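Me: I am new to this structure. Please give me a close look at one part of it, and connect that part to the rest.

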Amino acid sequence: MLGAGSWGTALATVIARNGHDAALWARRPDLAEAINRHRENPDYLDGFALPDRITATADLATALDGAKAALLATPSSTLRGMCQAIAPYIPEGIPIALACKGVEKRTGLLLSEVVSEELPGHPVGAVSGPTFARETALDHPTAATVAFPFSYADRLDPGRSPAARMALTLSGSGFRPYVSDDLVGVEVGGAVKNVIAIACGIMSGAGFAENTRAALITRGIDEMKLLATALGGRRETVTGLSGAGDLTLTCSSTTSRNMSLGHQLGQGIPRPNCFDGRPTVVEGEVNAISVTDLARRVGVPMPICETVNAVLHQGADIRQAFSALWARPIEAEPFALDLSFDHPAPQTLQIGGSS
Ligand SMILES: NC(=O)C1=CN([C@@H]2O[C@H](COP(=O)(O)OP(=O)(O)OC[C@H]3O[C@@H](n4cnc5c(N)ncnc54)[C@H](O)[C@@H]3O)[C@@H](O)[C@H]2O)C=CC1
Ligand SMILES: O=C(CO)COP(=O)(O)O
């Protein structure tokens with residue numbers, strides 16, 4: 001497990017609890033030492049006792065020595081550098097699963113494409129779904145999708161496919177994996193849901209409530225569907241755990257860092273003061289840029305993601321941006337129906353709610 005943040009630690013716990021040895025790579029030697037000494041990750045999952053089969057190390061060669069599979073659980077923005085760093089040590093041909101979610105900012109590549117570019121010759125997939133780290137570590141009933149493209153040989157013998165083997169490794173009392181061959185659909189869901197969660201947070205922080213959240217979730221699913229299908233993924237995948245499932249979780253409470261960031265911004269807290277000024281991984285923040293860039297490139301309208309990007313990165317005013325989002329010309333649902341008729345002038349939303 002490459003990355004000893006909250007998610008890497010939780011997934012390593014799932015694997016170790018299932019009776020496998022899990023090497024957990026931490027960037028900082030002092031954290032690796034603290035994990036081994038205290039059987040706890042004090043920085044990212046404090047108060048939770050780690051299984052004995054987890055061994056932390058800050059040395060990549062040690063972490064990957066004899067590995068049967070590798071999971072990448074560092075922030076998406078660090079992924080290419082991580083792949084380059086592990087290239088000399090990763091055993092030939094082992095499956096690599098992404099546990100991080102996003103689209104690369106500079107290139108607009110899906111994270112699996114980044115891994116394949118840097119580490120050719122490995123099956124590359126993803127583990128993605130509605131999975132808060134602490135609940136997963138506590139073995140709360142949790143379900144997620146394990147997605148790898150299926151080769152012809154995998155179809156003939158699915159039980160030996162990388163997806164099935166990864167799913168079997170993760171499958172335990174509380175953790176229930178599902179298997180998919182639609183990696184594109186799964187990755188798009190994981191990248192987009194964080195941006196939509198920021199939108200939900202902004203609106204709740206600004207004083208709006210459940211109608212608004214349900215609208216953003218539902219229209220967010222539509223944005224996911226359009227991007228996934230434009231990139232060759234399947235619509236049905238977007239209604240699964242890695243799409244609608246994760247979107248629902250992430251947009252439901254400020255346990256989500258993405259929802260929480262939006263909520264604080266919606267309350268008028270300046271970005272530098274959010275999370276009390278602590279640096280926090282908020283994937284939707286950087287992915288607001290990469291997702292909207294990618295959407296424009298493939299010609300897909302994603303107005304919610306565009307609005308979040310405008311607020312976070314282009315200095316747009318929350319009230320004006322979200323008013324404009326709500327006042328867009330009437331559209332058809334589903335999107336395919338061709339509509340055109342006169343539309344009234346945009347109205348301004350009453351941020352802070354109206355009584
Ligand atoms: N926390 C959660 O509930 C879940 C998180 N994820 C995803 O997992 C990924 C990691 O997130 P968390 O573990 O939650 O973050 P975290 O904030 O708990 O930990 C971040 C980790 O990344 C490491 N890191 C930071 N900068 C780095 C760099 N330049 N190079 C290498 N490592 C670096 C940190 O040392 C730390 O181990 C994200 O993509 C997130 O969306 C996915 C599912 C659930
Ligand atoms: O991806 C997650 C849950 O599936 C974690 O969401 P946050 O990064 O918003 O906390």
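Reply: L24 is in contact with M1, A4, G8, T9, A12, I35, I54, T55 and A56, leaving aside its neighbours within four places in sequence. Contact here means that two C-beta atoms, placed from the backbone, lie within 7 Å. The model is predicted, so local features need pLDDT of at least 70, side-chain atom pairs count only at pLDDT 80 or more, and totals for chains, interfaces and linings use all residues. Residues are numbered from 1 along each chain as its sequence is written, while chains are lettered from A and ligands numbered from 1 in the order in which they are written.

L24 belongs to the largest nonpolar core, which has 108 residues. L24 and L72 have the most contacts inside this core. Such a core is a set of buried Ala, Val, Leu, Ile, Met, Phe, Trp, Tyr and Cys residues joined through C-beta atoms within 7 Å. Buried means that 20 or more other C-beta atoms, placed from the backbone, lie within 10 Å of the residue's own. Helix 9 (residues 183-205) gives the largest share of the core, 14 residues. Helices are DSSP runs of H or I, at least four residues long, and strands are runs of E, at least two; both are numbered from the N terminus. Domain 1 (6-181) and domain 2 (191-326) both contribute, so the core lies between them. Those bounds come from an automatic or database domain assignment. In soluble globular proteins, nonpolar side chains tend to be buried together.

Now the ligand. Among the 22 residues around ligand 1, G5, S6, W7, C100 and A133 come nearest. A residue counts as near if its C-beta atom, placed from the backbone, lies within 6 Å. Helix 1 (residues 6-17) supplies the largest share of this shell, three residues.

Last, the annotated site. An unreviewed UniProt entry places a "binding site" at K101, R257 and N258. They span 158 residues in sequence, yet no two of their C-alpha atoms are more than 13.4 Å apart, so they gather at one spot. UniProt positions follow the numbering used here, feature names are shortened, and annotations may be inferred rather than shown by experiment. K101 sits in the loop between strand 4 (96-98) and helix 5 (111-118). K101 is buried, with 26 other C-beta atoms within 10 Å. N258 lies in helix 13 (residues 257-266). N258 is buried too, with 28 other C-beta atoms within 10 Å. K101 touches N194 and E283, among others. The contacts of N258 also include N194 and E283.

Technical notes: A residue is buried if 20 or more other C-beta atoms lie within 10 Å of its own, exposed if 12 or fewer, and partly exposed in between; C-beta atoms are placed from the backbone.
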